[in-house]
Amino acid sequence: VDLAAYRVIPDGIVSAPADEAELRDLMYTALRHDTGPFIIRYPRGEGEGVQWRDSQPKVLPVGKASELLQGSSIAVVAIGPSVARALEAAAEFPGQVGVYNFRFLKPLDTEMLDRICASYRTIITVEDGSLAGGLYGAVCEYVQKLGSKVRVSGLGLPDAFIQHDRQSAQRAAAGIDKAGICAKIKEFL
């Protein structure tokens, strides 16, 4: 189910892990959370291959994003498995593209968005879900409410049925693979 479907649940926490280590940490965090539902969108298929078995799980601060890469012009704000694709794409534009892991769709890290809006002229959201009501929708709502002049563009699944296929082919068709993200970044550079 798409993350956007859960964003309307009162007092709910909505999250999506970037990789298998973050999945473990989100599960550990959810076990220690005692108010409202804690929703974790499990990624489809295999993980990114990060090492997670030899470390202890940790509690993640609920509603907090993390900066993975600093840039000068464009901030790529991603959630779930799209974080890895965003990092791959940003590597093609050294120093120009910042990457942020918004592991929580709700509550949205508005402090991080304030910093992003103050530092960048463009935000590109990347998600493997619906743009309407998803991360793109949440970021647009907040940026508009803030009154910021930052441009926001989104990459995600279209409002259409996606043909059954390998994940890599589906990502390419939706433009949320490395090539699609690079093309969007070039559009704004």
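Of the 24 residues in the largest nonpolar core of this predicted model, those that touch the most other members are Tyr100, Phe102, Leu113, Ile116, Ile123 and Leu135. A nonpolar core is here a set of buried Ala, Val, Leu, Ile, Met, Phe, Trp, Tyr and Cys residues joined through side-chain atoms within 4.5 Å, and buried denotes under 20% relative accessible area, with exposed over 50% and partly exposed in between (1.4 Å probe, protein chains only). Two or more residues are given to this core by each of β4 (74–78), α3 and α4 (135–146), and α4 gives the most, with 5 residues. Helices (H or I, at least four residues) and strands (E, at least two) are DSSP runs numbered from the N terminus. A second, separate core of 20 residues includes Ala89, Phe93, Val99 and Leu155.

Residues are numbered from 1 along each chain as its sequence is written. In this predicted model, local features need pLDDT of at least 70 and side-chain atom pairs count only at pLDDT 80 or more, whereas totals for chains, interfaces and linings use all residues; side-chain values use heavy atoms, with hydrogens and water left out.

Aromatic pairs were assigned to rings of Phe, Tyr and Trp (its six-membered ring) with centres within 6.5 Å; planes under 30 degrees apart count as stacked, over 60 as edge-to-face and the rest as tilted. The count by this rule is 2 aromatic pairs. Phenylalanine 38 and phenylalanine 104 are edge-to-face, at 6.3 Å centre to centre and 80° between the planes. This pair links distant parts of the chain, with phenylalanine 38 in strand β2 (residues 38–40) and phenylalanine 104 in strand β6 (residues 104–106), 66 residues apart. Both phenylalanine 38 and phenylalanine 104 are buried. The ring centres of tyrosine 100 and tyrosine 120 lie 6.0 Å apart with their planes at 85°, so this pair is edge-to-face. Tyrosine 100 belongs to strand β5 (residues 97–101), and tyrosine 120 to the loop between α3 (110–119) and β7 (122–130), 20 residues apart. Tyrosine 100 and tyrosine 120 are both buried.

Helix α1 (residues 20–31) has 12 residues and reaches 17 Å from its first C-alpha to its last, close to the 16 Å expected at 1.5 Å a residue, the expected span being 1.5 Å times one less than the number of residues. Its buried residues include Leu23 and Leu26. Among the elements that cover the buried residues of α1 are β1 (13–15), β2, β5 and β6, where contact means heavy atoms within 4.5 Å.
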